[in-house]
Amino acid sequence: MSRVKPYAMSCPVSLSLDLLGNRWAIHVLRELHAGPASFAQVKSGLPGIASNMLSARLSELCEAGLIQKTGRSYSLTPNGQNTRPILFELARFGRKLAPPDAPSDPEGHAHRVVILAGAIERAAGPLDEIRAEILLNDSPLSLTVSGGRAALQTGHMPLAPVRIAFDWADVEAVADGAQRVADFAADREIIAEDPLQVAALLDLLQKAMDIYGGFK
């Protein structure tokens, strides 16, 4: 399958669109921001994509140095990780748009991960040092914040200093200004060895959800 004809313009926006503007390219990256995945796992998150189209997008993104293949698993390269702010801003814009009447995609675990990770990274300060396990809609996520960078991926975090559970509905409610993180945290089980880590995590989550909602 041939690529869409490039714009052949020197503008950085055009150069980005030459790579990311191809159909499904952004969606493939979105799936991999949740963590390494096989071809079948990526396809399961994108029910509308044909196998040959997915193969083409994966090959292009590998060639461009945004993703890499190890065995049967695909993962983001450091440069691929740099696309997270782009996906986050698209999500912030898109949350104000009306969804389709009959969505074809499955429950959006991957897009929730990239949104939450993007918001946390925007909110994180250079001195924040947090390790936590988040149970988001019963799915475990490992969060590491260090030096202003956030890593959030699917999976348990062994010996996590803090564990907290909440639902995506809680995130949206905070982003809408209908509640505070402290409100839902008071009703959720929080397991922690260090109360200071709990306070730091809740403060960071509040800032992140405010950013997602456009309050900051």
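A search of the whole structure finds three aromatic pairs; rings of Phe, Tyr and Trp (its six-membered ring) pair if their centres lie within 6.5 Å, and planes under 30 degrees apart count as stacked, over 60 as edge-to-face and the rest as tilted. This is a predicted model, in which local features need pLDDT of at least 70 and side-chain atom pairs count only at pLDDT 80 or more, whereas totals for chains, interfaces and linings use all residues. Residues are numbered from 1 along each chain as its sequence is written, and side-chain values use heavy atoms, with hydrogens and water left out.

Select phenylalanine 166 and phenylalanine 184 first. Their rings form a tilted pair, 5.2 Å centre to centre with 45 degrees between the planes. Because phenylalanine 166 lies in strand E7 (residues 162-166) and phenylalanine 184 in helix H9 (residues 181-185), the pair ties together parts 18 residues apart in sequence. Helices (H or I, at least four residues) and strands (E, at least two) are DSSP runs, numbered from the N terminus. Phenylalanine 166 is buried at 1% relative accessibility, and phenylalanine 184 is buried at 2%; buried means under 20% relative accessible area, exposed over 50% and partly exposed in between (1.4 Å probe, protein chains only).

Next, select tryptophan 168 and tyrosine 212. Their ring centres are 6.1 Å apart and their planes stand at 50 degrees, so this pair is tilted. It links helix H8 (residues 168-175), which holds tryptophan 168, to helix H10 (residues 195-213), which holds tyrosine 212, 44 residues apart. Both residues, tryptophan 168 and tyrosine 212, are buried.

Finally, select arginine 95. Its charged end sits over the ring of tyrosine 212, 4.7 Å from the ring centre; the criterion is NZ of Lys or CZ of Arg within 6 Å of the ring centre and within 35 degrees of the ring normal.
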